[in-house]
Amino acid sequence: MALRTDSDNPIESGGGDDLWLGLEHFANTPEFTEMLHREFPEDATAWNDPVSRRTFLTLSGASVALAGIGCSPRPASREKIYPYVKQPEQITPGLPLFFATGHAQQGVTSGILVKSREGRPIKIEGNPSHPGSLGSTDVFMQASLLNLYDPDRSRQVINGRTGDEITWDTAIGQLKGKLPKTAKVRILTETVGSPSLAQTIDTFAKQFTPAAEWVQYEPVNRDNVREGSKLAFGEYVNAVYDFTKALRVVSLDSDFLGGVVGGVRYAKDFNSLRKTAVPGKDKDGHTAMVTPTADQMNRLYSVESTLSPTGAVADHRLPMKSVEIESFVRALAKELGVNAGEGGALPDLAKKWLAPLVKDLQANKGKSIVIAGDHQPAAVHAIVHNINEALGNIGTTVKLTKPVEAKPSNQLADYKKLVEEMAAGKVDAVLILGVNPVYSSPADIDFVGALKKVPLKVHMGSHLDETAILCDYHFNEAHALETWGDGRAFDGTASISQPLIAPLFNGHSILELIASLTTNAALVTGMEIVKTFWQNQPKDGGTPPDFSIWWQHVLQDGVVPKSEFPAVAKKPATTAIPAYKAPGKGTELNLRADPNLFDGRFANNGWLQELPRPITKLTWDNAAIISPKTAADLGFSVGIMRSGGGEHGKAQVDIGELTIGGKKLTVAVWIQPMHVDDSITLYLGSGRERSGQIGNTGFNGFKVRSAESPDISVGAELKPTGEKFILACTQSHFSMEGRRPARSAYLEEFRENPNFAKVAAIAAPEWREIDETLPGNEHKHEEHGHDHDHGEKKSEGGAGKKEEHHEVHDKRTIPLTMYPPTNKEGRRWAMAIDLTQCNGCSVCLIACQAENNVPVVGKTQVTKGREMHWIRVDRYYEGTDPNDAANLVAHFQPVPCQQCEKAPCEVVCPVAATLHSTDGLNDMVYNRCVGTRYCSNNCPYKVRRFNFLTFADWKTDTLKLMRNPEVTVRERGVMEKCTYCVQRIRSAEIEAERQFRGIKDGEVVTACQAACPSGAITFGDLSIKDSMVNQKKAQSNNYGLLAELNTLPRTTYLAAIRNPNPEMPRA
Amino acid sequence: MAQVFHRSMNAVSRIMVFGLPLLFMGSVLGGSIIYRSGYITGRGETVDQPVPFSHLHHVGQLGIDCRYCHTSVESSSFAGIPPTKTCMNCHQQMWAGAEMLNPIRESYKQNKSVPWERVHNLPDYVYFNHSIHVAKGVGCVSCHGQVDQMPLMYQSKSLLMEWCLKCHRNPEPNLRPASEVTSMTFKPADYVNPETGKKENPETGKPFTQAELGKLMKDKNHVRNALTLTSCSICHR
């Protein structure tokens, strides 16, 4: 990473050569160059949809002629108002309510606050009082809202034999009759964290003799983590990490900044030690924010095979095959004095890593964390526990508790046993609840065959999925926002989940199904079960006078007070760690949970399908990911943007045939820099067959998964088939070439040259205006502006500026500009995005999509560059050789509308549809827009989105319920873009204005800011002197994107600072 | 050579030269009149309601405050249409058997909403908020007219954007003390100066005029300036 200096003018030097977007950019093909120089993607401007141009003109001529006929000049058609008959006490039409509930995944619950308007949940935020969230969310929590309104959800109970729709009562009655007390019943669920559900299942199981067995199996599970703890401690133990105290972090193939349970909290904690300004003393000894020293900032070492968001922000990243990591861990353990046995031979670079890494860790004893990825074998986890013990971390940064799962188990082993029993005809009835094993079984476990041997098959799920259609009974499962439940967070904190809406399709929860099968009643409601369960629980937080009061408080707060698991005193041992077993030879295959679709449960979620995956930027499909060198070795072409002269969003890639252990899969191949060589990564969760209308896309990784080694296996072969496949990738869209949009430096460089991120102006007379983006200078310039009335006007800055006003006015410094002067009175909204804190997780996109009714456009439209996200996360690579994964660095940069003070879009709009508001927002007036797209043409940031077709779904009823009523649902032919969540600003403003007060700092939180677990986004009012956003902008690494264009962006960036170890072999 | 055009063509050409622009101007003028007319805007039209509710009776004669029914007018964007329960509060006792009130009783019995017809309907891209207007001292009467004299509810203003902007540019004519917002009879001359306890403007020594009161209230209620109030995103999002 080169040092950025003021003199280092990127334009003159033709600079930014070492900062590139993807392989095509690097390859600099003529097609790519042409694409860069096009304003819009080739297809985006062309009318190449099924209606031909001629037909279109004919139709539009006819429509003009007919315009008068169907159109009534009378007032907008009368609407009806349906008031309540008896208005519920809490509800005020027009005002939102927030309810605390939970989102469970992998058996771990994260607290959420759900915004409800007139009884409809419309937005999910994190619950600030819940330890697993602290107010932020991940993409799954955000997007689970769309699952609620998924029109493809199963809508009734179905008798699978006859295909008839039956009622719940009938089905329950029939089932009870078919389950004699001697039946050998098996219950298959996902990981259960809910204490009340676990108790209910146990009670149900005990009715039978012998007792029914309960098997938990999720395709992406934490078996390795659990078994690792058993190896180290002799029993299942849960490790909770405290990143707020960890100055040195070693991630061994772990994507702990989001990809693990507790990831949202970990990202927040990790970034609390990654501030680029910390409280300290300035030169004069005054308290001030100063640049941190190397010991005030944490340092992340990442050893991983496929590039993860965590690896991308690491200070040091060692690309290493997943199968080799065990050897690395054993070598590391040995250096640290842990006797974990010898591993295999290490690559040279890894050997060089060991000494400085060990030295750094030992210098920070008790202040470090070593964490291993969920898919690494149990032995690695056991050794890592021992390493943490040797480093004195257990008890300080690592807290051991009892497991948070209600019934921790070895899921894969249990599942194998279950399928064997089923195949042998030893099972009379199987209840498959909320899981989809027909889709997600490893290929060498014949679940379908075994299922056919079971006389009674009962399924409960949200969709009529692959498993449902093979069962005798299908119960439609209610969504988590429709049901009562409970759960535990990653640290054991319990919470109660409450419904926000009556089940849309009369569904019920698994809890209700099991409870109803246990009792004589046809339906036991979830609330009864959960409430009774907690009534009988000892309350850790002291006995409240009354359970109903306790209950109200717990529901309101979303957490059970003081229910966090206490630390257990345990010492790990190395005795049970198995000796190293060398992995077989050959290319390795990594099967991972998809960053968007997880294990396939979110496959029918359009928001997640269209969300560019953090690293690959692929939407709608997955692909086998390999490194450029491996691609060359295997004969896959590198130039992947060739089709049709280079189009944004459309990547034509080779199809390969993936073979491993006799299993075959034909899969698109994606070439990914920074991926380790001789290794293939394939995300699970795609290639569904019955997910719904939109989810059956991509390639099913479960077809090459083995029960033997489900996550990491070796001996894979990948051969080109000669066919091509079109992937929708947003990677190379909207390139900002040669201008170093994402800036970064090492901490030492930053300390030497704090202003490295500033760029000198291109045009000299404009220097003052440009300087204005720099903090501290603003006030002076206010007096130099064109508007000489400033002195008289009420100005937020207050007194003290009057003196400067009398400064001799040098006319030569009057900026040459055709833009009207910027309003400097009153509120001035602005945003600062800290690139050090951004790990590219992209939850901001989903949060924005939910908040602002941003439509999903579909794969074809993405390939035409027409995706509608109002914020994008650019991902850049830096380095000179794309084949050299160890010497590449990745950068992320979220880009919403920059809300320029001198906005180039505004001056070109012929109908004044985009204008400035007095508080500095670049307003977009949809009902004025005629769709010339001049504004987008003139926007240097390419953040405007044009609604080419009617992208918003105006037909599907359930989706109408989901929309934010505060935001217009845009029609076709209208430009749209980030508004800084103007609806939130205006509602806070109305609240404040009503009380005749100002808006407090932090009162307005944009959707992206609220969702961001890292706290990378700060939003606020520049006119409040000490506002958070002013503090951020006062940091010396603050810079405006393309500030040299004199657009005065209100959104600015804080250049990324990395804190590398000087003794490490440097990239 | 004989004349090509007959003399009478002079008159025709004069009519054309002067008439065509007149016709054009006339149609523009006519168009803009029609555009602003009640036919287009719906102003002054009574709308058939399930129950012929009379504001004249309830507000004008009985003196029920607006907020008794429109409960959320001070807190929400939506002023609120009363739930059936509000009607039944009184009509369980009064006119309990009146045929006219059948829809109300049916609604209450069957727990089904009364389908009221919306009278004031703004386009969907307008995000009007009642609470802020009430807080800043814009009287109900300013937008809804003399509701106390309407036997059946109708829209008394055009609700065109130019009508909104007129007040956003110059709110003074419509501002009054917050306590008088719901009053249908308030006159600026009635304003009692809270400091002196008299109906006098200390500056002029005479009762307040609307211009003086508006200026005072604009200041007192912190009404923002015209530039801010005419920013697009104040109303459109």
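This is a predicted model: local features need pLDDT of at least 70, side-chain atom pairs count only at pLDDT 80 or more; totals for chains, interfaces and linings use all residues.
In which sense do strand 2 of chain A and strand 1 of chain B pair, and over how many bridges?

View 1. Strand 2 of chain A (residues 80-81) runs antiparallel to strand 1 of chain B. Two bridges join the pair. Lys80(A) stands opposite Glu117(B), a residue of strand 1 of chain B.

**View 2. The side of chain B that touches chain A.** Here 42 residues of chain B contact 37 residues of chain A. Elements of chain B giving two or more residues are helix 2 (38-41), helix 5 (84-91), helix 6 (102-110), strand 1 (116-117), helix 7 (130-135), helix 11 (226-229) and helix 12 (232-235). Helix 7 of chain B gives the most, with three residues. By class, this side of chain B has 17 nonpolar, 19 polar and six charged residues.

**View 3. Helix 14 of chain A and its end.** Gly392(A) follows helix 14 of chain A and has a positive phi, near 70 degrees.

View 4. Among the buried residues are His381(A), His385(A), Asn386(A), Asn388(A) and Glu389(A). Val380(A), Ile383(A), Val384(A) and Ile387(A) are also buried. The cover includes helix 9 (223-233), helix 12 (325-335), strand 11 (248-252), strand 16 (368-372) and strand 17 (398-401) of chain A.

Note on methods. Residues are numbered from 1 along each chain as its sequence is written. Chains are lettered from A and ligands numbered from 1 in the order in which they are written. Two residues are in contact if their C-beta atoms, placed from the backbone, lie within 7 Å. Helices (H or I, at least four residues) and strands (E, at least two) are DSSP runs, numbered from the N terminus. Ala, Val, Leu, Ile, Met, Phe, Trp, Tyr, Cys and Pro count as nonpolar, Asp, Glu, Lys and Arg as charged, and the others, Gly among them, as polar. Two strands pair if DSSP finds at least two bridges between them. A residue is buried if 20 or more other C-beta atoms lie within 10 Å of its own, exposed if 12 or fewer, and partly exposed in between; C-beta atoms are placed from the backbone.
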